[in-house]
Amino acid sequence: MTYLAKPKIHHPGLPKNALGYTRRDYEGAISTLCAGCGHDSISAAIIQAFYELDVAPHRVAKLSGIGCSSKTPTYFLGNSHGFNSVHGRMPSVLTGAALANRDLIYLGVSGDGDSASIGLGQFAHVLRRNVNMVYIVENNGVYGLTKGQFSATADKGSKSKRGATNSDEPIDLVLLALALGATFVARGFSGDKTQLVPLIKAAVAHRGAAFIDVVSPCVAFNNHPGSTKSYDYVREHNEAVNRLDFMPERAPITTEYPEGAVREVVLHDGGVVRLHKLDASYDPSDKVGAMAYLEEHRARGEVVTGLLYVDADSADMHAALRTVDMPLNTLNDPDLVPGNAALAAVNASLR
Amino acid sequence: MDARVKQLSRINDFVVKFANVNGSGSASANGLFAKAILRMGVPVAARNIFPSNIQGLPTWYEVRIVEAGWRGRRGGVDLMVAMNPQTWDKDVAEIESGGYLFYDSTKPLPPSKFREDITALGVPLTAICNATYTDVRQRQLFKNIVYLGALSALLDIDPIEIERLFSEQYRGKEALLDSNRKALHLGRDHALANFACPIGLSVQRRDAVGDRIFIDGNAAAALGAVYGGATVAAWYPITPSSSLAESFAKWCRKFRTDSATGQQRYAIVQAEDELSSIGMVIGAAWNGARAFTATSGPGISLMQEFLGLAYFAEIPAVLFDVQRGSPSTGMPTRTQQADLMSCAYASHGDTKHVLLLPEDPRECFEFGALAFDLADRLQTPIFVMLDLDIGMQDWLTEPLAWDDSHRMDRGKVMTAADLDAGRDFGRYLDVDGDGIAYRTYPGTHPARGSYFTRGTTKDRYARYTEEGPAYVDNMQRLQRKFQTAKNLVPKPVVTRASQPTTAGVIWFGSTGAAMAESLAELERQDVHLDRLRIRAFPFDDAIIDFVASHEHVFVVEQNRDAQLKMLLVNECAIDPAKLTSVLHYDGTPITERFITQEIGEKARLYNVTPLTGIRYPGSGIRKTGGKAA
């Protein structure tokens with residue numbers, strides 16, 4: 001594999017966002033994934049979301065584990081620092097990074113092998129701690145880099161490319177995230193960018209652990225009949241509970257919607273998620289209801305997508321730890337070192 | 001007692017051992033015992049010997065009263081305070097001939113439970129407490145203070161010092177103060193009325209403690225981390241390192257809490273396991289904070305994969321490894337120095353790590369702070385290797401000191417201004433020839449200086465590559481960096497014997513406590529050894545010179561496999577035949593008697609016949625016949 005840099009020359013007519021960046025400023029190196037890989041669509045959605053959010057690219061830190069999905073941070077936000085860590089351990093590295101500097105935006109990218117198998121423990125605990133981050137799992141139900149073994153999110157009874165049937169129960173990361181106390185839980189589909197981009201934007205604006213499970217078909221090993229993570233299967237069984245718009249601040253509703261069809265969630269920074277309900281009964285503030293809904297639809301073989309749960313007022317890890325407002329990595333000797341006089345007092349107390 | 005056996009008679013030089021039941025509240029009384037003697041100006045070396053248990057199993061506290069100031073264990077017990085029926089037989093057997101046995105005489109014991117050659121001092125502790133207190137818990141807790149009072153009379157410890165300690169401990173809790181004072185005098189009065197006090201062992205006031213302090217290595221190392229500027233700590237509870245993380249929290253609450261807002265200039269996370277704790281440390285350090293974890297051998301094993309990443313991706317990280325009895329769960333509450341190899345070469349592939357080897361709590365503080373400067377300077381994990389004996393025991397140690405002009409060395413970090421000035425940034429580019437490249441913190445500059453950190457191979461500009469030459473180039477630079485580390489870590493301490501000799505001894509860490517005393521004893525026996533104490537890995541060239549300039553070198557360490565010797569042979573190209581191991585690894589701290597005997601015996605082997613004043617070619621160990629026992 002070679003490292004491919006994209007040409008840096010921009011068309012002068014490219015539109016710019018509020019910070020003066022073009023969409024190209026949010027891109028990375030050319031992807032080395034297979035043509036048609038769902039993950040590339042997610043990268044494109046990430047680029048689009050950050051461009052539209054007017055975030056300075058260098059204020060994002062992108063972290064990943066190991067696997068096809070974890071390679072993708074090379075392919076977006078080329079002016080951001082990235083960290084391709086250890087298999088299944090991105091959450092702890094991200095947690096440490098977030099502790100060091102609370103002012104950056106943390107984007108964790110992982111896969112189903114990385115998060116549901118080897119890294120299930122770290123997946124659980126990073127959500128419990130409500131680390132302020134966006135955690136995207138690019139979920140294809142299969143180990144791509146090692147050529148097609150089932151992962152822990154593969155549905156029971158689904159078939160591998162070679163024809164083997166999966167006999168183990170799947171781990172539903174969305175249900176698990178809800179049970180673990182994640183404060184923003186969503187599911188998207190790499191083939192539905194109009195739904196995915198606003199989900200990512202809302203997740204960035206959310207304070208606390210925002211988890212998005214993105215079903216992302218593997219064209220090389222899991223896109224055949226009998227797979228429940230193929231483009232065809234997900235398109236046929238996608239059960240979107242809502243569509244959403246994300247606005248940096250509240251804007252008047254100009255379009256007429258039927259009664260009860262629109263719901264607004266105001267996030268801590270003033271950003272607003274406007275949900276257009278596709279299932280009138282679905283309430284994304286009701287965790288128990290959400291879990292029941294997900295279980296019912298999963299039993300029918302449906303893939304529920306949309307913003308499934310949000311608690312906009314949660315206290316994140318820094319709030320729980322009561323850390324100072326200044327990033328810890330900016331503190332200097334006077335802030336940190338008590339000095340020799342204090343040490344003399346310590347000595348005196350130990351005699 | 002058998003009249004033919006002479007009662008031990010010693011002033012300020014004896015060993016008292018308390019045999020207790022875990023969870024009976026004895027630790028506090030035993031601590032007061034040691035501290036009262038210190039307040040009388042007489043040094044003590046105190047050690048808890050405790051089980052992996054919260055309540056019910058046997059636990060011991062050994063206090064060596066030693067005016068000469070030796071900090072190691074001597075071996076043997078002169079007075080046993082036998083409060084645990086479970087271990088009675090073993091405890092009684094451990095007393096030196098002519099020694100003393102203090103016990104609760106409420107229930108009569110058959111003569112077979114005693115020894116002819118020791119003096120039994122029975123005090124009806126239970127009866128005294130039952131007559132005085134109605135509350136069951138009080139009866140148990142005050143029994144400890146009653147025996148403390150009795151011992152103060154028997155050993156001539158000034159009760160005023162114990163009362164002062166009570167007042168400091170129970171400031172503002174007058175009721176507790178009075179009841180403790182009462183219990184103390186109950187015991188004291190009983191002993192004064194029933195025994196000729198003091199017995200042959202006694203404490204006499206001296207001025208031999210000076211300004212030294214009494215502190216455990218974990219607390220000192222944690223304070224070092226505060227002074228070293230650590231802001232992020234991630235840890236998973238494991239004996240014997242947990243109190244290091246807990247001490248860090250305590251010191252931070254004291255020194256790092258904003259008085260106006262109550263906000264904290266630090267973050268401590270108790271992780272779900274050691275993989276996560278080292279992951280957090282790596283993430284925080286990558287992002288420019290000073291971060292550490294505290295663990296023990298099993299934790300180091302779990303961190304192996306991440307340690308390879310930190311080495312290869314060049315992330316500063318500080319690890320305090322408080323070593324315990326290994327392998328596996330081993331002896332979790334006993335001491336060993338058995339993680340040298342697993343830390344020096346931690347992880348798969350070609351890796352080498354910097355180890356700091358403190359000998360006592362004072363060096364735990366110094367190295368604890370230094371580790372953060374070294375980690376940032378070298379951009380690699382730094383291991384501070386304590387063990388249970390240093391970490392969890394209170395040691396009498398020189399006062400801690402800090403140079404207020406010291407500023408954190410953040411190492412080679414390129415700033416936004418550097419980048420704007422057009423400086424070439426290659427994350428793995430060796431611009432200075434010392435193997436250390438510049439790094440940038442995430443978020444530094446909108447257009448320059450960002451890079452991708454990865455565990456896979458990369459070129460000098462952090463670009464992914466699978467090209468062999470680029471891989472080799474990077475691995476060779478890491479080797480150069482390790483050479484640079486050699487010049488930055490603490491130098492070994494070399495001391496010459498009082499007479500010229502061609503034999504030497506090498507040790508590190510907590511072994512030093514018993515070593516100092518053993519060397520004095522060996523000199524007395526006319527065995528002369530030059531000394532070298534290793535304080536860090538990679539090894540200084542002075543170590544190679546030391547071995548080269550001696551014909552026999554003893555290597556004293558607390559593990560089975562002679563790990564320090566292995567490292568020396570491997571890293572310094574030393575002929576293994578020159579090195580003779582002295583190994584102690586039963587989980588108890590090495591003693592003066594053990595070292596003296598082992599080296600004494602081996603010295604005799606090398607020395608052929610021990611005849612007065614004769615020097616033997618090829619030995620260099622001068623040995624005087626007759627003196628050596």
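Domain bounds come from an automatic or database domain assignment. On that basis, chain B splits into four parts: domain 1 (10–202), domain 2 (215–397), domain 3 (416–488) and domain 4 (493–607).

This is a predicted model, in which local features need pLDDT of at least 70 and side-chain atom pairs count only at pLDDT 80 or more, while totals for chains, interfaces and linings use all residues. Residues are numbered from 1 along each chain as its sequence is written, and chains are lettered from A and ligands numbered from 1 in the order in which they are written.

**Chain A overall**

Helices (H or I, at least four residues) and strands (E, at least two) are DSSP runs, numbered from the N terminus. Chain A has twelve helices and 13 strands. Its radius of gyration, taken over C-alpha atoms, is 21 Å, close to the 20 Å from the globule rule for 351 residues, so chain A is as compact as a globular protein of that length. The rule is 2.2 Å times the number of residues to the power 0.38. The C-alpha trace of chain A spans about 75 × 50 × 50 Å along its principal axes.

A residue is buried if 20 or more other C-beta atoms lie within 10 Å of its own, exposed if 12 or fewer, and partly exposed in between, with C-beta atoms placed from the backbone. Of the 351 residues in chain A, 53% are buried.

**One residue: A:Val219**

A:Val219 sits in the loop between β8 (209–215) and α8 (231–237) of chain A. It counts as partly exposed because it has 18 C-beta neighbours inside 10 Å. Two residues are in contact if their C-beta atoms, placed from the backbone, lie within 7 Å. Leaving aside residues up to four places away in sequence, A:Val219 touches A:Cys34, A:Gly36 and A:Cys37.

In the contact between the chains, 49 residues of chain A meet 60 residues of chain B. On the chain A side, α3(A) gives the largest share, eight residues. Inside chain B, the C-alpha centres of domain 2 and domain 3 lie 26 Å apart. Their contact takes 13 residues from domain 2 of chain B and twelve residues from domain 3 of chain B.

The table sorts two contact sides by class.

Two strands pair if DSSP finds at least two bridges between them. β2(A) and strand β17 (residues 452–454) of chain B pair in the parallel sense over three bridges. Here A:Asn84 stands opposite B:Arg454.

**A sheet in chain B**

Five strands of chain B form an open sheet with mixed pairing, in the order β18-β20-β19-β22-β23. The edge strands, β18 (493–495) and β23 (579–583) of chain B, each pair on one side only. Strand β22 (residues 552–557) of chain B pairs with β23(B) in the parallel sense over five bridges. Within these strands, B:Phe554 stands opposite B:Thr580.

Helix α17 (residues 511–524) of chain B packs on the sheet and touches β19 (503–508), β20 (530–534) and β22 of chain B. Its direction makes about 155° with that of β19(B). Axes are lines fitted to C-alpha atoms, for helices over the stretch in contact, and angles run from 0 to 180 degrees between N-to-C directions.
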